[in-house]
Amino acid sequence: MAELCTAQGQAGVCLGDWLQLAPMLVPASVDFCYADPPFNTGEAKATPPNALRAGREVATAYCDRWGSTTDYMEWLRGRVGATLPALKPTGVLAIHCDWRTSHHVRLMLDELMGEANFVNQLVWRYGLGGSSPRRFARKHDDVIVYAMDVERYFFEPPMVAATSQRMRGRMKKSTDVLDVPSLNNMARERTGYPTQKPVALLELLVGAFAPAGGLVLDPCCGSGTTLVAAKGLGRRAIGFDMNPRAVELARKRLGEQVEPLAEA
C-alpha cells in the first residue's frame, strides 16, 4: 500500500476489504475511525445510474445479507479488532448503526475496548422515511463512540445554534442528539449512492474527534462523504471500500488534484 496521507488536508481511497487493509495501516497512526458498515438489513443495495459515469453499468453497491445477527457481528468484530492497533492512544472509534444491531455493537465494543472507555451513544435524528401502523416511526440512527483511553482522547465540543429564546442568535455545545437533515432527492450534494450520509453530519463528527491535521479513517467509505468532510476541515483521511464503483465515485468527489492512494 502506498504511504498513508502525510500532507495536511490530503485524502485517498483504497480498493479492498476492511479486514485485509486494516493491518496495513501504520500502528498508532489514526486519530478518528468512523465506520458506517452495512446494517444487516437483508437487502442488496444498488448504485443508481446517476452515481456513475454515463455509459457505465449499474453495479450492486454492497450486499447487506447475513445468515444471522451472530454472523453479522462476527464479521464486524473481526474488522474492528483488526483496526484497533492502528488507533492512537488518544484515538476514537465510532460505529454508525441502527436499531437492528446498536445494542450488539455496544456490547461488542465493551468487550474489545473496555466498557469504561465508552464515550457516547449519539442519536442522529432525521425526518425522512416511512412510518408504521404498528410502532412509533423509526427516525434515527445511532453512532456508538468509544475511546482508546477515556482520560486522554481528543475532543473538541461541536457548537450548534441555540434554539431557546434566552440564547437566541448564540451558539451552544451540541447534545448527544444530532439534528442534521438527511439528504432528500433534490439535495445538491447527493450522488445517488445508497445510504449516503450528509457532509454536515460527518463534519460535526470529524471536527469533534480528530485534531487539525489528524488522520481520519473510514473503512466502509462508500461515496466518500467522510473523506470529503475531513479534507474540507484540514484533516488527512483514508477510505476503504470493496466496490470499485464506490472507490471511483469517492475519488471523483475528492477531486482530480488529490492523488489517490494505490490499490492494495
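**Asp179 and Arg125.** I started with the side chains of Asp179 and Arg125, which meet in a salt bridge at 2.7 Å, N to O. I noted that the pair ties together distant parts of the chain, with Asp179 in strand S10 and Arg125 in strand S6 (residues 118–125), 54 residues apart. This is a predicted model, so I read every value here as computed. I checked accessibility next: Asp179 is at 52%, so it counts as exposed, the cut-off being over 50%. Arg125 is at 44% and therefore goes down as partly exposed.

**Other salt bridges.** How many salt bridges does the structure hold? I get six. Another one I looked up joins Lys197 to Asp36, with the closest N and O atoms 2.7 Å apart. This pair also links distant parts of the chain: Lys197 lies in the loop between strand S10 (177–179) and H4, Asp36 in the loop between S2 and strand S3 (43–46), and 161 residues separate them. Are Lys197 and Asp36 buried or exposed? Both are buried.

**Asp98 and its surroundings.** I then went to the loop between strand S5 (87–97) and helix H3 (102–113), where Asp98 is found. Asp98 forms a salt bridge with Arg100, and the closest N and O atoms are 2.3 Å apart. Asp98 has 5% relative accessibility, so I list it as buried. Arg100 has a relative accessible area of 27%, so I list it as partly exposed. Which residues does Asp98 contact once neighbours within four places in sequence are left aside? I find Phe39, Asp141 and Asp142.

**Aromatic rings.** My list has nine aromatic pairs. One of them is Trp66 with Tyr72, which is edge-to-face: 5.0 Å centre to centre, with 85 degrees between the planes. Tyr72 also pairs with Trp75; their ring centres are 6.0 Å apart and the planes are at 25 degrees, so I call this pair stacked. Tyr72 and Trp75 are three residues apart in helix H2 (residues 69–83), so about one helical turn separates them. On accessibility, Trp66 is partly exposed at 22%, while Tyr72 is buried at 1%. Which residues do ring pairs link into a cluster here? I wrote down Trp18, Trp66, Tyr72 and Trp75.

**Charges over rings.** I looked up two arginines as well. The charged end of Arg106 sits over the ring of Phe118, 3.6 Å from its centre. For Arg138, the charged end sits over the ring of Trp99, 3.8 Å from its centre.

**Ala210.** I found Ala210 in the loop between H4 and S11. Its relative accessible area is 0%, so it is buried. Ala210 and Asp31 are 179 residues apart in sequence, yet their C-alpha atoms are 5.6 Å apart in space. Not counting residues up to four places away in sequence, I see Ala210 touching Phe32, Phe154, Val216 and Arg235.

**Helix H5.** Last entry. Which residues of helix H5 (residues 225–232) are buried? I have Thr225, Thr226, Leu227, Ala229 and Ala230. What covers them includes strands S1 (11–15), S2 (30–35), S11 (215–218) and S12 (236–241), along with helices H4 (199–209) and H6 (244–254). Just after H5, I noted that Gly234 takes a positive phi of about 80 degrees.

Terms used. Residues are numbered from 1 along each chain as its sequence is written. This is a predicted model: local features need pLDDT of at least 70, side-chain atom pairs count only at pLDDT 80 or more; totals for chains, interfaces and linings use all residues. Side-chain values use heavy atoms; hydrogens and water are left out. Buried means under 20% relative accessible area, exposed over 50%, partly exposed in between (1.4 Å probe, protein chains only). Helices (H or I, at least four residues) and strands (E, at least two) are DSSP runs, numbered from the N terminus. Contact means heavy atoms within 4.5 Å. A salt bridge is a side-chain nitrogen of Lys or Arg within 4 Å of a carboxyl oxygen of Asp or Glu. Rings of Phe, Tyr and Trp (its six-membered ring) pair if their centres lie within 6.5 Å; planes under 30 degrees apart count as stacked, over 60 as edge-to-face and the rest as tilted. A charge sits over a ring if NZ of Lys or CZ of Arg is within 6 Å of the ring centre and within 35 degrees of the ring normal.
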